[in-house]
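Thanks for coming. I will go through one structure today, moving from its loops to its helices.

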Amino acid sequence: MIGNKVLIIDDQPELRDLLSSFLSSLGYETKAAENGLEGLKILQEWPADLVTVDLQMPVLDGAGFIREAVKSWPDLPIIIVSGVDAVDQAVDALRLGARDFITKPIESFSLVKNTIDKALESAELIRQNRDYQINLERMVEQRTDELEEIKRQLLYSLGKAAEYRDNETGRHVIRVGKMCGVLGRAMGMSSAKARTFQEAAPLHDIGKIGISDMILLKAGKLTSDEWNTMKRHCEIGCDILRHYSSMPQSDESLYQRVIEMANSGGELALLEVAMVIALCHHEKWDGTGYPMMLAGRNIPLVARIVAVIDVYDALGSERPYKKPFSEEKCQEIIREGSDSHFDPEIIKAFFDNLDEIVKIKRDWMD
């Protein structure tokens with residue numbers, strides 16, 4: 001193709017000059033080298049679009065040149081120009097990565113032109129196909145990212161909807177998510193797991209959607225029956241999220257299987273993490289929590305973390321039944337809950353990262 005660069009490698013100066021003159025007359029830009037080693041050096045500074053190379057040369061022969069060239073320029077079209085007595089060597093060179101073969105002595109320059117044109121067209125098609133594949137992969141990645149962002153926004157909105165029913169502004173779920181991400185990383189989660197955890201944590205109270213406003217918004221103390229109904233929001237939240245996860249339909253062992261899944265050490269999807277949190281975020285370290293009265297490390301780590309953060313943020317927030325506590329009082333209550341309500345290791349991580357947690361609380365305050 002007119003304007004392309006062609007590197008001619010041959011130890012015969014007459015043939016180099018002849019090919020260079022012919023290709024230049026066709027509009028190609030050319031350079032020449034007398035052996036493979038010199039040709040490699042030229043390619044480093046002058047990226048040719050095509051190379052013609054003799055097989056039998058001193059210093060570095062054609063086969064040696066092809067071996068080295070394809071390492072750095074795998075898509076570079078290479079055409080062998082060699083004698084008829086080198087057919088076997090030419091076949092070997094084609095296996096190494098050469099594209100075509102022209103025999104010496106050159107009797108038809110139209111054949112040279114057609115061979116070079118064909119090799120350049122083939123290389124251009126390969127390049128276009130590669131670019132198409134790269135662009136297609138980039139588009140798929142972009143679309144996947146867009147869908148993931150839509151999913152995150154929908155899940156956030158779902159969690160926010162539950163908080164609005166509880167007389168909250170919705171920023172509670174943002175704070176809980178961000179604070180949980182901090183503690184997740186502090187407790188050894190990978191960046192990917194901590195991000196999933198941060199996105200799942202805002203759904204901890206999604207089950208409140210299924211609780212009557214008369215109970216949710218009651219200013220006074222709940223009766224025993226009302227409290228038992230309120231506690232049902234954990235199972236309700238798990239059930240809601242289960243319909244959108246890979247978990248099978250509900251049965252008697254569903255909640256136990258959720259715990260087993262969480263404690264298996266496997267990689268959980270976002271909605272699976274959210275199911276675990278919704279079900280277990282009111283369990284207590286000493287086994288007196290609900291709904292399953294789990295204790296210690298039988299409580300999934302994500303739920304143990306949410307238990308701390310949810311209580312901490314709720315203490316500092318106004319609710320129908322209470323005024324917000326001071327920051328000092330919030331911290332005091334959290335510290336006092338260590339080894340009874342809360343995992344003591346998480347409490348230590350909480351206070352080790354208190355500055356970052358308090359900053360999130362202030363940055364996202366109602």
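Asp339 is found in the loop between α14 (327-336) and α15. Helices here are DSSP runs of H or I with at least four residues, strands are runs of E with at least two, and both are numbered from the N terminus. The phi of Asp339 is near 75°, a positive value in a residue other than glycine. At 51% relative accessibility, Asp339 counts as exposed; the cut-offs are under 20% relative accessible area for buried, over 50% for exposed, and partly exposed in between, with a 1.4 Å probe and protein chains only.

Before going further: this is a predicted model, in which local features need pLDDT of at least 70, side-chain atom pairs count only at pLDDT 80 or more, and totals for chains, interfaces and linings use all residues. Residues are numbered from 1 along each chain as its sequence is written, and side-chain values use heavy atoms, with hydrogens and water left out.

pLDDT is the predictor's confidence in each residue, from 0 to 100. The protein has a mean pLDDT of 88, and 90% of its residues reach 70 or more. Where pLDDT is low, the predicted coordinates should not be read in detail.

Back to the loops. Most residues other than glycine have a negative phi, and most peptide bonds are trans. Val59 is not a glycine, yet it has a positive phi of about 70°. Val59 sits in the loop between β3 (50-53) and α3 (62-72), and it is exposed, with a relative accessible area of 66%.

Which residues are joined by a cis peptide bond? Lys104 and Pro105 are, with omega about -5°, and Pro105 lies in the loop between β5 (100-104) and α5. Tyr290 and Pro291 are also joined by a cis peptide bond, with omega about 10°. Pro291 is in the loop between α12 and α13.

That loop, between α12 and α13 (301-315), also holds Met292. Met292 is partly exposed, at 26% relative accessibility. Not counting residues up to four places away in sequence, Met292 touches Tyr255, Gln256, Ile259, Leu279 and Glu283, where contact means heavy atoms within 4.5 Å. Met292 and Tyr255 are 37 residues apart in sequence and 8.6 Å apart in space, C-alpha to C-alpha.

Now the helices. The axes of α11 and α12 come within 10 Å and cross at roughly 120°. Axes are lines fitted to C-alpha atoms, for helices over the stretch in contact, and angles run from 0 to 180 degrees between N-to-C directions. That makes α11 oblique to α12; under 35 degrees counts as roughly parallel, over 145 as roughly antiparallel, 65 to 115 as roughly perpendicular, and the rest as oblique. The contact is made by Tyr255, Val258, Ile259, Met261 and Ala262 of α11 and Glu272, Met275, Val276, Leu279 and Cys280 of α12.

Helix α6 (residues 171-186) and helix α7 (residues 191-200) pack at about 155°, with their axes 8 Å apart. That makes α6 roughly antiparallel to α7.

Last, is helix α10 (residues 233-242) enclosed or open? Of its 10 residues, 9 are buried, so α10 is largely enclosed by the rest of the structure. The buried residues of α10 pack against α9 (224-231), α11 (254-262) and α12 (270-280).
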